[in-house]
Amino acid sequence: DDFGTRRVSGVQTVAGTIKTKALVNCTGAWAPAIGAMVGVPVPLVAMKHAYVVTNRIEGIQNMPNVRDHDLSLYLRLQGDALSVGGYEPNPIFIDQLPQDFAFGLFDLDWDVFGTHIESGIHWDPVLEQTGIKSTVCGPESFTADHKPLLGEEPSLRGFFHGCGFNSLGMNGGGGCGQELAAWVLQGRPNLDMYSYDIRFFPRQAACSKSD
């Protein structure tokens, strides 16, 4: 443009080039790889994130959901069972996700997840005698301040970020998506999204395991 900043003009695919002035990177844990294609650092890291579902527990049907931030734990009612999870204090980072990985899961590492079971027993001792019905362990993207990355990339006009939801995509995806759509169409969101704005991060920022 007139200020020497690059602009999006299209997306090159195996089926040809799609002309567009706007591209939104909503690829989750793959977002850094997409950003790297156009020289844009995306400050998030991917790691394995998990929860388990217990066998049936008698008498818990009216139990409230529990969230303990000190223990980084949640116990969520799921029918007549509990889902148990939280943020891993010793997570397994994923250096690079396979390009063909889709709708898949990883084997659960009990050495990592065991701390949540121990914390859960503190809240509900019956867990110590309860079996596990199923486990879910998949890739999730996390940011340094635990907030999503939204907005137009300052070094590449027309390239928008919509990623890094820190395992809260279903919680915040609707509202953030609505504001991001306004951002693309009218150049700014309708609400104050400053704390999520990609410009909040220095341009050289790129999360690593030590950050």
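The following dialogue examines a predicted model and the grounds for the terms used to describe it.

Biologist: Into which domains is the chain divided, and how do you know where their bounds lie?

Modeller: The chain of this predicted model is divided into domain 1 (10–43 + 144–200) and domain 2 (46–141). These bounds come from an automatic or database domain assignment. The C-alpha centres of domain 1 and domain 2 lie 29 Å apart.

Biologist: How many residues of domain 1 are in contact with domain 2, and what makes them count as contacts?

Modeller: Contact means heavy atoms within 4.5 Å. By that cut-off, nine residues of domain 1 are in contact with eight residues of domain 2.

Biologist: Why is the largest pocket said to lie between the domains?

Modeller: Domain 1 and domain 2 both give residues to the lining of the largest pocket, and therefore the pocket lies between them. The space in this pocket is about 1000 Å³. Its lining holds 38 residues, and those closest to the pocket centre are Glu140, Ser167, Leu168, Gly169 and Met170. Two or more lining residues come from each of β5 (44–54), β7 (73–78), β9 (132–143), β12 (159–163) and α3 (169–186). The largest share belongs to α3, which supplies seven residues.

Biologist: How does the lining of the largest pocket divide into nonpolar, polar and charged residues?

Modeller: There are 21 nonpolar, 14 polar and three charged residues in that lining.

Biologist: Which residues line the largest cavity, and which element gives the most?

Modeller: The lining consists of Lys48, His49, Ala50, Glu88, Ile92, Asp107, Leu108, Asp109, Val112, Phe113 and Cys137. At least two of the lining residues come from each of β5 and α2, and β5 gives the most, with three residues. By class, the lining has six nonpolar residues, one polar residue and four charged residues.

Biologist: What makes β6 and β9 edge strands?

Modeller: Five strands form an open sheet in the order β6-β7-β8-β5-β9, with antiparallel pairing. Within it, β6 (66–68) and β9 each pair on one side only, and are accordingly the edge strands. The twist averages 20° from one strand to the next. Helix α2 (residues 110–123) lies across β5, β6, β7, β8 and β9, and runs at about 75° to β7.

Biologist: How do you know that β5 and β8 pair?

Modeller: Two strands pair if DSSP finds at least two bridges between them. Valine 53 stands opposite serine 83 in β8.

Biologist: Why are β4 and β10 placed at the edges of the sheet of three strands?

Modeller: The order of this open sheet is β4-β12-β10, and its pairing is mixed. β4 (23–25) and β10 (149–152) each have a single partner strand, so one side of each is left without a neighbour in the sheet. Here the twist averages 20° from one strand to the next. α3 packs on this sheet and touches β4, β10 and β12, its direction making about 15° with that of β10.

Biologist: In which sense do β4 and β12 pair, parallel or antiparallel?

Modeller: β4 and β12 pair in the parallel sense over three bridges. The bridge partner of valine 24 is phenylalanine 160 in β12.

Biologist: What makes β2 and β3 a pair, and what do they form?

Modeller: Pairing requires at least two bridges. Strand β2 (residues 10–13) and strand β3 (residues 16–19) have four, in the antiparallel sense, and so they qualify as a pair. They form a hairpin with two residues between them. Valine 11 stands opposite isoleucine 18 in β3.

Definitions and conventions: Residues numbered from 1 in each chain as written. Predicted model: local features only at pLDDT ≥ 70, side-chain atom pairs only at ≥ 80, totals over all residues. Heavy atoms only, no water. 1 Å grid on protein atoms, 1.4 Å probe; cavity = no way out; pocket = protein on both sides within 12 Å on 5 of 7 lines; lining within 4 Å. Points joined across faces, edges and corners; volume = space filled by probe spheres on them. Nonpolar A, V, L, I, M, F, W, Y, C, P; charged D, E, K, R; others polar. Axes fitted to C-alpha atoms, helices over the stretch in contact; angles between N-to-C directions.
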